[in-house]
Amino acid sequence: MFTISDEKLFHNCLLALYLIGPPTFISLRYIQAPYGKHHRSGWGPTISPALAWFLMESPTLWLTLLIFPFGKNSSNARSLILISPFLFHYFHRTIIYPLRIRSSGGQRSTQPNAANRFPVTVAFMAFGFNLLNAYVQARWVSNYESDGAAGGWWFWGRFLVGLVIFVSGMYMNMSSDMVLVGLKREGKGYRVPRGGLFEFVSCPNYFGEIVEWLGWAVMTWSWAGFGFFLYTCANLVPRARANHRWYLDKFGEEYPKSRKAVIPFLY
């Protein structure tokens with residue numbers, strides 16, 4: 001009977017996390033995931049965005065909580081502290097964010113009903129990625145990370161620096177999402193977002209999430225954390241570029257020409 005060791009499984013999954021980044025980046029330069037602003041038919045059955053976000057993000061919670069107790073670091077307080085920002089982000093993304101978009105006017109707006117749906121195929125692909133990533137991040141922290149178990153200035157120094165970066169990114173991400181949800185709640189269709197980082201970039205929510213996972217990479221100081229950061233860039237930078245072009249095409253001269261797509265002053 002074929003068996004695979006836990007260490008081999010972890011390394012294979014970690015390698016997969018790196019290998020899927022380049023094709024994701026390249027494909028999203030030409031084909032945008034068909035939801036939100038880029039909705040189009042032909043992608044099969046659809047569900048509500050709130051349900052889609054809940055289902056596809058859920059492995060980051062239940063799989064992490066399932067795997068963590070079986071790691072050799074599971075009872076170490078430093079490891080529990082280290083995994084907490086990851087769980088906090090995904091509690092918001094899995095539970096709070098879907099409730100907010102469900103209660104907003106986005107799903108009852110003046111746009112055609114089909115444009116407010118989420119393809120099951122896209123949710124399924126995101127579900128698969130989150131299974132992979134939750135396993136890699138949770139298994140790294142709970143079993144393979146060694147600095148947290150030992151403690152010391154190196155662990156706490158990088159953790160605190162990374163945490164500051166992470167919290168800053170999460171604030172940018174959540175506050176920008178709230179602006180977008182507020183516009184949807186008004187039920188007047190798509191409008192030009194104003195205020196905050198929207199004055200600098202079209203997608204500050206994506207910029208905030210990129211900053212978050214940069215902070216996570218610093219906190220973990222690991223190939224697992226860095227791989228997640230790289231994949232986040234591969235996924236969100238092309239999406240932000242497409243959103244930026246969409247805004248320019250839709251609003252024309254009304255849209256601020258000084259705004260970048262996702263990185264203030266640069267891109």
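Okay everyone, where do Tyr247 and Phe251 lie, and how many residues apart are they? Both are in helix 10, four residues apart, about one turn of the helix. Helices here are DSSP runs of H or I with at least four residues, numbered from the N terminus.

Before I go on: this is a predicted model, where local features need pLDDT of at least 70, side-chain atom pairs count only at pLDDT 80 or more, and totals for chains, interfaces and linings use all residues. Residues are numbered from 1 along each chain as its sequence is written, and side-chain values use heavy atoms, with hydrogens and water left out.

So, rings. The structure holds 28 aromatic pairs. Rings of Phe, Tyr and Trp (its six-membered ring) pair if their centres lie within 6.5 Å; planes under 30 degrees apart are stacked, over 60 edge-to-face, the rest tilted.

Take Phe200 and Phe265: edge-to-face, 5.4 Å centre to centre, with 65° between the planes. That pair links distant parts of the chain, 65 residues apart: Phe200 is in the loop between helix 8 (153-185) and helix 9 (204-220), Phe265 in the segment after helix 10 (223-251). Phe200 is partly exposed, at 36% relative accessible area, and Phe265 is exposed, at 64%. Buried means under 20%, exposed over 50%, partly exposed in between (1.4 Å probe, protein chains only).

Back to Tyr247 and Phe251: they're stacked, 6.2 Å centre to centre, 25° between the planes, and both are buried.

Last one, Arg93. Its charged end sits over the ring of Trp53, 5.6 Å from the centre, and Arg93 also lies over the face of Tyr97, at 4.6 Å. That needs NZ of Lys or CZ of Arg within 6 Å of the ring centre and within 35 degrees of the ring normal.

Definitions and conventions: Helix = DSSP H or I, 4+ residues; strand = E, 2+ residues; numbered from the N terminus.
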